[in-house]
Amino acid sequence: MSGTGLDAESIPERQPVLRLSGASKSFGSVAALTDARIELYAGETHALVGENGAGKSTLIKILAGVHRPDSGTITVDGEVVEFSGTAEAKEAGIAVIYQEPTLFPDLTVAENIFMGRQPRGRFGMIDRDRMNRAAAALFEQLGVPMDPERQALGMSIADQQVVEIAKAISLDARVLIMDEPTAALSGAEVERLFTVTRALRDDGAAVLFISHRFDEVEALCERVTVMRDGAHVSTDLMSEVSIDQIVRRMVGRELGALFPKQEVQPRDVVLEVDGLTREGVYRDVSFSVRAGEIVALAGLVGAGRSEVVQGVFGVDPRDAGTVRVGGRALPPGNPRAAMRAGVALVPEDRRHQGLLLDLSIMRNATLTRRSRLARFGFLVGGAERREAEQWTARLQTRYGRLTDPAGTLSGGNQQKIVLAKWLATGPKVLIVDEPTRGIDIGTKAEVHRLMSSLAAEGVAVVMVSSELPEVLAMADRVLVMREGRLAGELSRAEATEESVMFLATGQEAA
Amino acid sequence: MSADTLTGRGAGRFRLQRFATWDVAIILATLAVIVIAAATVEHFGTSRNAGFLVLDLAPILLLALPMTLIIATGEIDLSVASIVGLTSSAMGVMWNNGVPLETIMPLCVLIGAILGAVNGLFVTALGLPSLAVTIGTLALYRGLAYVLLGDTAVADFPRQFTGWAIGNIGATSIPNVLIPMIVIAGLFAAVLHAMPVGRAIFATGSNPVAAAFAGIAVGPLKFWLFVVSGAVAGLVGVFWTLRYSSARADNATGLELTVVAAVLLGGVSIFGGTGTLPGVLAGVVLLTSLQNALRLASVSSEALTVVTGSLLIVSVLAPNVLVGVRTSMQRRRRRTRSPSPT
Amino acid sequence: MSLLTKAHESGSDAQARTGSTVLDMVLRFRALGLLLTLAAIVAVTAAVNPRFVNEQSIRDLLLAAAITLLLATGMTVVVLTRGIDLSVGSVLGLSAFCTASLLSENPGIPVPVAMLIGLGIGAVCGLFNGMIVHLGKVPPLVATLGTLYVFRGVVYFIAGGGRINASDMPGGFLDFGTARILGIPYLIVIAGVVLAVVAVFLSRYRAGRDMYALGSSPEAARLAGIPAGKRILTAYILCGALAGLGGVLYAARYGTVDASAGYGMELDVVAAVVVGGVAIFGGSGTVVGAALGAVLLTVISNALPVLSIDQFWQRAIVGALILGAIALDRLVGLRVKASLRKKDAHVG
């Protein structure tokens, strides 16, 4: 692989509107960016692609002034700038459109565009007519019919994004960053967004387009930058590189210090999911898991994997489908019944879903066992303490005192507390959602070893993971989800980074 | 998140560090108030006054018990005093219609439970903020109390009952109500601190999402707490009526403030998740003895509301201010300290 | 995109349309619904007793509504920013008693100066509330529940058990309470002017729109660079000041003022605001709606004796209206949300 073709990283005679170089950024002990760079030129649409966790969002947030880089420089029109907040980035002409737009639902479209900058007339009063006309003019420029006097509440995501774009234009943004803007759009809506984006580009704006969908990247962008593990991999003209090459660059990674799963002869089917559907989130998902098996649920962020496992566990209601554990159906929307049947879910978002950050480590570790530990209804005699000590020791958790708030622990040790909470229930089905996200390498290996030994003991493990190396090393089978559906199933032998990625993105293998 | 923004959740997340110190501080403050009052206020230290103090304390403490549980889950019940008023009115009406007191009393507790269930339904089934709901029922229940009794009073309750409410055990100067009060307080303390449901209550207040992920039925839990709160308020309605031998629609008006103030003063976070019943007990004693002492020092009871109102604000404000000070200090310290490897 | 999803999309579009229609209906017709309710109550009451709609009783009714309306106007601004001010009744009492006692001692003070004094007392109380809420980060409801009692206690401290009677106050001030301009009592004119000014401020000035923005989405307001602290303080000061002005009008109208003036009034005001369509979660509603709510409440309480319904029902009705209004808003919100989820059901 030639990698960075200098010829392609071109248009050198012009000065980039925006350039980020040598950027690094760490959150605690986790390095999100190591050596990121990107150059945007006026009048181009530039794609930024990479796996989940490659550092794209961090890069965007640095450009938007949300984060400050640990090292590296940002230049605008050749001049070095430092953003201490979003306002300054905005001032420099950088507008960001996030996947979830932030509008004022109660206000009109025109007001959303001009909030705080409303045109004023007599007595300093807001001139609504002028404001509405200005908004209408923006929509005309964008070629989108939209009523400026309409309330933002109830607008589709697509329309909200158009409003955000109109806002960006009204601010004379020269750089427009769009973070997976199409993730929630339908085909027609995507087309309209593209028309608008092309119009902007033709007017001389630089557009940075982040997407997982290669057909869109191909259709819209002139250049493409690939990121991997927080670093820049390559920048090429779209015409000079194939999708196949891009995917390979995205995933080309060392397996490193992973602990592969030990071979276990799968036994009886424990978990059966049939036709699971939740309107607007996922549809018709069916799979089964045997005791001793680790089944990975792979796919892109937003494909509906976490939602499916939450539906299985019952934290979220489901609209259709059945979940059976050991042949017995679970009632929908009832996590307690799921727990009684032996299902455990280690959720994706440790801080919001997994832990009570301000309660003690002991309370967190024993929360699921509170009724079991009680004697004649009372939790006395240090039963919780003994249980917590036993599990934290077994998982080699490092902490000060058991009474310290869980929020004081490091990410890896927090994850161990969540695991302890669920392993203590003695699950037959263990669902782990991003079990190693944001934790250090050493703990990662420990978690992998643990999952492997649990499977060996006959637990059926479902693992949602965005890290392909982890999926490939740990899973007996890989189920790939795309856009709320199961896109396919791969056996351990079939599963490669490419095959999973192609299923996840909907590209036919080249 | 709308309910959360109403309560300003997240503003004062500040927990276990405070926990120990606040409890100790409030107990010390309570002792100080009692000692100073006994030394400076005439009649405060007498056993007669101690008996009155217990009678004054009883309704506040009883209402504070379920209130502690509700606030620990991150909700609030402002309608408790109105439930006291409504059950008191109901008691008067039933008595006027010849229902025996033995039947009336359990019925009042039941009525309280039903009123609490209405609160609970609005909060859990509709997902409305409990603040807004219980402001509505505060007006509604008090209004219904007036509808039942108007501005009349029913005062001809049998002496054996009213006498018991204010009487002492045998020849001692220990009020009759003290023993049941201690039993009920002990029960709530056990539920909150030594039973699985107590763990669920704190978990819900600390992080309702994580609580739901741990299999806690957050909605039903809150609903039943409102029912319990209503039932206890019904019981207090009975006690209040008998104690003053008068069923009136305006009984216990404004008492919700004292109850909430006592609970917050006792170290329960208004954002849920932390608090202890011993702390709340201290808060109740502090507030009641302060009011009692000031009243003995002939400060008008209306003017006393300044004290209660200020304590309510300070008990929420103080931890927030402390957090602010602490974080700014930490920031300063971090700035001076060289970065160390994690 | 498969056929199935396509089909689903078109179906859900229809549902989404219904969702926004329901919403539009409630928003647009909230005022209409209030007017219809008003008309119905007036019609029924007038049928029972035709004197309910003669000039004098309409004037009395508006007079009675004027003070609630004034307070509801201020409360609307606070509620729009996702706050609440329960202390308005106590602020009214404090201002009424202070201005009345000041006037009884200095009969020479002209009426406009008395109004400014009341306004000032209220503004100071409002500033106090605003600082506890914004700087102290105390939830508005807890903060103003506390100041409700603090301010009331202060009135009792000042008043003791005393009251100020009409005979103690200068005649010019009391005349102002009953005097009319073009047949309309001054009190109503003042309430009307305040209402109009605040209405214009909220709808036509950037600072006013910021109030909506803050309540509608604090996060988006932050991104848009709206000065939250300044606006929240403004809202509480405005609300307090109007309650203070209300106190002066109260003293002028009733002549006698004791420490309990305006007791429990916060419930009427909150009820007027939420019944008038101001969302308890902030971000939407108008002062005109709140004014209609205030008039509706007054009409109900004036109609009760005519319809020979026990006057004691009034408070219960206030409570029921609060509950009904927030529940209605919530149900509409849930429907819109559900239809939005269906609308996004195409999943890519």
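Contact, as the word is used here, means heavy atoms within 4.5 Å. By that criterion, the meeting of chain B and chain C takes 46 residues from chain B and 38 residues from chain C. The structure is a predicted model, in which local features need pLDDT of at least 70 and side-chain atom pairs count only at pLDDT 80 or more, while totals for chains, interfaces and linings use all residues. Residues are numbered from 1 along each chain as its sequence is written, chains are lettered from A and ligands numbered from 1 in the order in which they are written, and side-chain values use heavy atoms, with hydrogens and water left out.

Chain B and chain C together bury about 3700 Å², where buried area is the accessible area (1.4 Å probe) that two parts lose on being put together, summed over both. Carbon and sulfur atoms carry 82% of that area. Four helices of chain B give two or more residues each to the side that touches chain C: H1 (2-7), H6 (130-149), H12 (255-265) and H14 (301-336). Helices (H or I, at least four residues) and strands (E, at least two) are DSSP runs, numbered from the N terminus. H6(B) has the largest share of this side, with 14 residues. Sorted by class, the side of chain B that touches chain C holds 27 nonpolar, 15 polar and 4 charged residues; Ala, Val, Leu, Ile, Met, Phe, Trp, Tyr, Cys and Pro count as nonpolar, Asp, Glu, Lys and Arg as charged, and the others, Gly among them, as polar.

Between chain B and chain C there are 0 salt bridges, a salt bridge being a side-chain nitrogen of Lys or Arg within 4 Å of a carboxyl oxygen of Asp or Glu. The same interface has 5 residue pairs in polar contact, with both residues at pLDDT 80 or more. A polar contact is a pair of N or O atoms within 3.5 Å; within protein, one must be able to donate a hydrogen and the other to accept it, and residues adjacent in sequence count only if both atoms are side-chain atoms.

Chain B also touches chain A, with 24 residues from chain B and 33 residues from chain A in the contact. The area buried between these two chains is about 2100 Å², of which carbon and sulfur atoms give 65%. Pro196(B), Arg199(B) and Phe213(B) supply 34% of the area that chain B buries against chain A, more than any other three residues. Here the count is 7 residue pairs in polar contact, both residues being at pLDDT 80 or more. Helices H8 (178-194), H9 (196-206) and H10 (208-213) of chain B each supply at least two residues of the side that touches chain A, and H9(B) gives the most, with 6 residues. That side of chain B comprises 16 nonpolar, 5 polar and 3 charged residues.

Side chains of opposite charge can pair when their charged atoms come close. Between chain B and chain A the count is 1 salt bridge, and Arg199(B) and Glu384(A) meet in a salt bridge at 2.6 Å, N to O. Glu384(A) also meets Arg363(A) in a salt bridge (3.9 Å, N to O). Arg363(A) lies in helix H12 (residues 361-366) of chain A and Glu384(A) in helix H14 (residues 383-394) of chain A, so this pair ties together parts that are 21 residues apart in sequence. Glu384(A) is buried, at a relative accessible area of 7%, whereas Arg363(A), at 24%, counts as partly exposed; buried means under 20% relative accessible area, exposed over 50%, and partly exposed in between (1.4 Å probe, protein chains only).

Over all chains, the count comes to 30 salt bridges. One of them joins Arg223(A) and Glu44(A) at 2.8 Å, N to O. Arg223(A) lies in strand E9 (residues 223-228) of chain A and Glu44(A) in the loop between strand E2 (30-40) and strand E3 (45-49) of chain A, so the pair ties together parts that are 179 residues apart in sequence. Both Arg223(A) and Glu44(A) are buried.
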